Amino acid sequence: MIVTLDPEAVSEAVGRELARRGLWSQRLSDPRAGGRVQFLIRPGSVPVAAEELLAIDGVAAVAAAESPHPRLDAQPRRVEVGGATFGGGGDAAPVFMAGPCSVESPEQIFSLAARLAPLGVGFLRGGAYKPRTSPYSFQGHGAPALGWLREAADAHGMLVVTEALGEEHVAAVAEVADLIQIGSRNMHYTPLLRAAGATGKPVLLKRGMNATINEWLLAAEYCLDQGNAAVVLCERGIRAFDRSTRNVLDLGAVALLSREHGLPVIVDPSHATGRRDLLAPLSRAALAAGAAGLMLETHEDPGRALSDGPQALTVGELEAIIRATPARLATGERSGQPSPISSCASAQS
Ligand code: PEP
Ligand code: MN
């Protein structure tokens, strides 16, 4: 909320009144205020009614900050995709997505699906189109791999999540996938966000490795603005100064978006760390932070994986993580209603 003062108001006195009510405020200098003093009531402050603020001596107006992502705000808190439920409170079971980094062959993906489905893995993952750092690395088998993935999933009653790397892949991916994945490197690429959104299919939107939370939410808004069914967010680590792990898993963002704002967020600890030995503790931590599910790269023979072998779990390791996971999510702990996600907004361009 933005509080605008009367021209003759004593701003220090108003500031004290705001603090007395337990509100964190920040004095703004907005030229549009015509020289009047304004205070922003910061996100995380105790809830307060506009009327109570208007009653403070010297306060002329109180305005709710306009949300930059109205469609995301309006998205139901509980998102259903093909019978899987993401978020929306404490009674849902965590959603597991697992499979190889790349779909390497029909045999590979059929054999893996047969072993993952009985573990309770709802979504079979695997890239047909791979975003690789080097043009000389394996780039994925393309369209044929989409067909293998779908057939393998269908044979075992699983859903499919797979990445559309470019606009030219969107139609083919939308045909086979239950959830269209937009990768970290593409989160900022608005033509792809629009194209995926226009299919009407739900989107799994991975966080850009350099994206702020606000940029991530606005990328979701691009998809929803084109009429797509729903967006599930996926935290997969961001770039920071320490390269001991592949990225830095931002569990603060997960707690903020899931617990405070009620959004469906899952976590991909595989790309966040690049190390299979860290996936069990970080899976537990992600679910404790409020993640609605986990995406874990899994391979029957990680040493021979065509991409991302060092972070791939064996099926046995995945099974141990799933068995150690509580059957119900702990997201219902927070009392009260989710706060509006507009309060995440910061400067944008
Ligand atoms: C992936 O999940 O296959 C992938 C490439 O992940 P990210 O976009 O997070 O790097
Ligand atoms: Mn990978």
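Predicted model: local features only at pLDDT ≥ 70, side-chain atom pairs only at ≥ 80, totals over all residues.
Let me start with burial: C101 is buried, and E297 is buried as well, where buried means under 20% relative accessible area, exposed means over 50%, and partly exposed lies in between, with a 1.4 Å probe and protein chains only. Residues are numbered from 1 along each chain as its sequence is written, chains are lettered from A and ligands numbered from 1 in the order in which they are written, and side-chain values use heavy atoms, with hydrogens and water left out.

C101 sits in the loop between β7 (95–99) and α4 (106–116), whereas E297 is in strand β14 (residues 293–297), 196 residues apart; helices (H or I, at least four residues) and strands (E, at least two) are DSSP runs, numbered from the N terminus.

Those two strands bring us to the barrel, a closed one of eight strands that runs β7-β8-β9-β10-β11-β12-β13-β14 with parallel pairing, two strands being paired if DSSP finds at least two bridges between them. β7 and β14 run parallel and are joined by five bridges, and V95 stands opposite G293 in β14.

Finally, the structure holds 15 salt bridges, each being a side-chain nitrogen of Lys or Arg within 4 Å of a carboxyl oxygen of Asp or Glu. Where in the chain are the partners D225 and R71? Their side chains meet in a salt bridge at 3.1 Å, N to O, and the pair links distant parts of the chain, with D225 in helix α8 and R71 in helix α3 (residues 70–74), 154 residues apart. By contrast, R150 forms a salt bridge with D154 at 2.9 Å between the closest N and O atoms, and because these two are four residues apart in helix α5 (residues 143–155), about one helical turn separates them. R150 is buried, at 18% relative accessible area, while D154 is partly exposed, at 48%.
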